[in-house]
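This report is written for a reader who is new to the structure below. Please look through the sequence and the model before reading on.

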2 protein chains.
Amino acid sequence: MTIDQLDARLISLLAQEPRIGVLECSRRLNVARGTVQARLDRLAARGVIVGYGPQIDPAALGYDVTAFVTLQIRQVSGHVPVVDRLALVPEVLEVHTITGGGDMLCRVVARSNADLQRVIDLIVDVEGVVRTSSVIALDTPVPYRTLPLVAAAGT
Amino acid sequence: MTIDQLDARLISLLAQEPRIGVLECSRRLNVARGTVQARLDRLAARGVIVGYGPQIDPAALGYDVTAFVTLQIRQVSGHVPVVDRLALVPEVLEVHTITGGGDMLCRVVARSNADLQRVIDLIVDVEGVVRTSSVIALDTPVPYRTLPLVAAAGT
DNA sequence: GGTGAAAGGTCATTAAG
DNA sequence: CTTAATGACCTTTCACC
């Protein structure tokens with residue numbers, strides 16, 4: 001149920017230089033090309049590697065403002081219809097159901113603070129949303145990363 | 001400072017089928033191969049496309065628990081040394097400085113609820129961290145996504 | 001291991017802003 | 001006039017059988 005060092009090194013290598021192919025990986029890691037292929041297939045089959053899609057920076061698209069919005073929802077209605085409506089808003093990048101005082105936590109982006117108000121209004125207008133509470137991310141000193149985790153898991 | 005429809009379609013295409021190459025993209029979009037390459041280079045140069053690295057699912061590595069930890073830090077010490085220490089913890093996937101009652105928001109993962117306690121203890125032990133407040137993500141009905149945003153930006 | 005197929009680069013031409 | 005797109009050619013490299 002875990003990965004070994006070779007898997008971890010393979011993932012790290014691909015993360016640092018995604019453009020290289022299987023053959024180049026095998027050379028860098030001093031293993032046979034078939035081994036690399038088999039490892040990648042196995043990692044993909046186990047769901048460890050979800051995909052290789054292009055990673056987009058919302059800030060480069062003009063969405064400079066990131067905020068975390070905690071929602072309280074009307075319990076009777078259930079959370080599914082709320083999620084469906086939230087998913088229709090492009091600026092909502094992810095939604096979690098959470099423990100604690102709130103019921104859901106959304107990561108949202110916007111083009112400015114004024115634009116954030118518009119996005120939050122969209123969220124508040126969702127049927128079943130009772131209240132929202134937002135915090136704005138001023139800076140992101142540690143951007144999302146998984147490599148250290150991969151390295152730790154491969155130990 | 002934005003992208004056009006061709007950029008958006010190109011990104012969407014690559015996101016849906018990352019394994020296809022530049023030539024295949026040009027065929028699907030009915031444009032010349034050089035155009036696709038130029039667009040991709042431009043998107044990468046502008047920072048819109050950060051990379052093509054493998055996307056890792058922490059849950060598949062055994063890290064089933066995700067939590068958001070809000071930190072209050074001792075203001076006199078500044079946040080930089082705190083960030084440096086937090087970055088050393090593999091389970092800390094991202095760190096933001098935020099507005100509101102807290103000072104920082106961290107996304108962390110752990111192997112179990114008991115393991116989460118261990119990770120939180122690591123965070124509390126960081127010099128300058130005064131208090132933490134955690135919420136656990138029970139479910140993630142909308143996983144992190146940027147495609148709708150790209151589509152909206154390309155309009 | 002061999003082979004067909006792309007990637008990546010450059011170029012001249014053409015179109016459009 | 002500047003920027004972008006196109007189709008062509010070439011060489012290296014890889015993926016697949």
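The model is predicted.

**The barrel**

Eight strands form a closed barrel with antiparallel pairing, in the order β3(A)-β5(A)-β4(A)-β6(B)-β3(B)-β5(B)-β4(B)-β6(A). On average, neighbouring strands of this sheet are turned by 40° against each other, direction ignored. In general, the strands of a sheet pair through backbone hydrogen bonds, either parallel or antiparallel.

**Strand β5 of chain B**

Strand β5(B) covers residues 104–110 and runs antiparallel to β4(B), residues 92–98, with five bridges joining the two. β4(B) and β5(B) make a hairpin with five residues between them, and B:Gly100 in the turn has a positive phi of about 90°. β5(B) also pairs with β3(B), again in the antiparallel sense, over seven bridges. Some residues that stand opposite each other are listed here.

| Residue | Partner in β5(B) |
|---|---|
| B:Val95 | B:Cys106 |
| B:Val69 | B:Cys106 |

How many residues of β5(B) are buried? Seven of the seven are, so the strand is largely enclosed by the rest of the structure. Both of its faces are covered: B:Met104, B:Cys106, B:Val108 and B:Ala110 are buried on one side, and B:Leu105, B:Arg107 and B:Val109 on the other.

Two helices of chain B are in contact with this region. Helix α4(B), residues 80–87, lies across β3, β4, β5 and β6 of chain B together with β6 of chain A, and runs at about 10° to β5(B). Helix α5(B), residues 113–124, packs on the sheet and touches β3, β4, β5 and β6 of chain B. The direction of α5(B) makes about 145° with that of β6(B).

**The first helix of chain A**

For residues 3–64 of chain A, an unreviewed UniProt entry lists "domain: HTH asnC-type". Over residues 3–64 the chain is 53% helix and 8% strand, and the end C-alpha atoms are 36 Å apart.

Helix α1(A), residues 5–16, has twelve residues. From first C-alpha to last, α1(A) reaches 16 Å, close to the 16 Å expected at 1.5 Å a residue. The N-terminal end of α1(A) is capped by A:Asp4, with a side-chain oxygen 3.2 Å from the backbone nitrogen of A:Leu6. A:Leu6 is also among the buried residues of α1(A), which include A:Asp7, A:Ala8, A:Leu10 and A:Ile11. What do the buried residues of α1(A) pack against? In chain A they pack against α2, α3, β1 and α6, and in chain B against β2.

**A buried aspartate**

A:Asp115 belongs to helix α5(A), residues 113–124. A:Asp115 counts as buried because its relative accessibility is 12%, and the cut-off for buried is under 20%. The side chain of A:Asp115 makes a polar contact of 2.6 Å with the side chain of A:Arg118.

**Two loop residues with positive phi**

Most residues other than glycine have a negative phi. A:Asn30 is not a glycine, yet has a positive phi of about 60°. A:Asn30 is placed in the loop between α2 and α3 of chain A. In chain B, B:Asn30 has a positive phi of about 60° and is found in the loop between α2 and α3 of that chain.

Are these residues buried or exposed? A:Asn30 is exposed, with a relative accessible area of 69%. B:Asn30 is exposed too, at 70%.

Notes:
Residues numbered from 1 in each chain as written. Chains lettered and ligands numbered in written order. Predicted model: local features only at pLDDT ≥ 70, side-chain atom pairs only at ≥ 80, totals over all residues. Heavy atoms only, no water. Helix = DSSP H or I, 4+ residues; strand = E, 2+ residues; numbered from the N terminus. Buried < 20%, exposed > 50% of the residue type's maximum accessible area, 1.4 Å probe, protein only. Polar contact = N/O pair within 3.5 Å; in protein donor to acceptor, adjacent residues only side chain to side chain. Expected span 1.5 Å × (residues − 1). Contact = heavy atoms within 4.5 Å. Pairing = 2+ DSSP bridges. Axes fitted to C-alpha atoms, helices over the stretch in contact; angles between N-to-C directions. UniProt positions renumbered as here; feature names shortened; annotations may be inferred.
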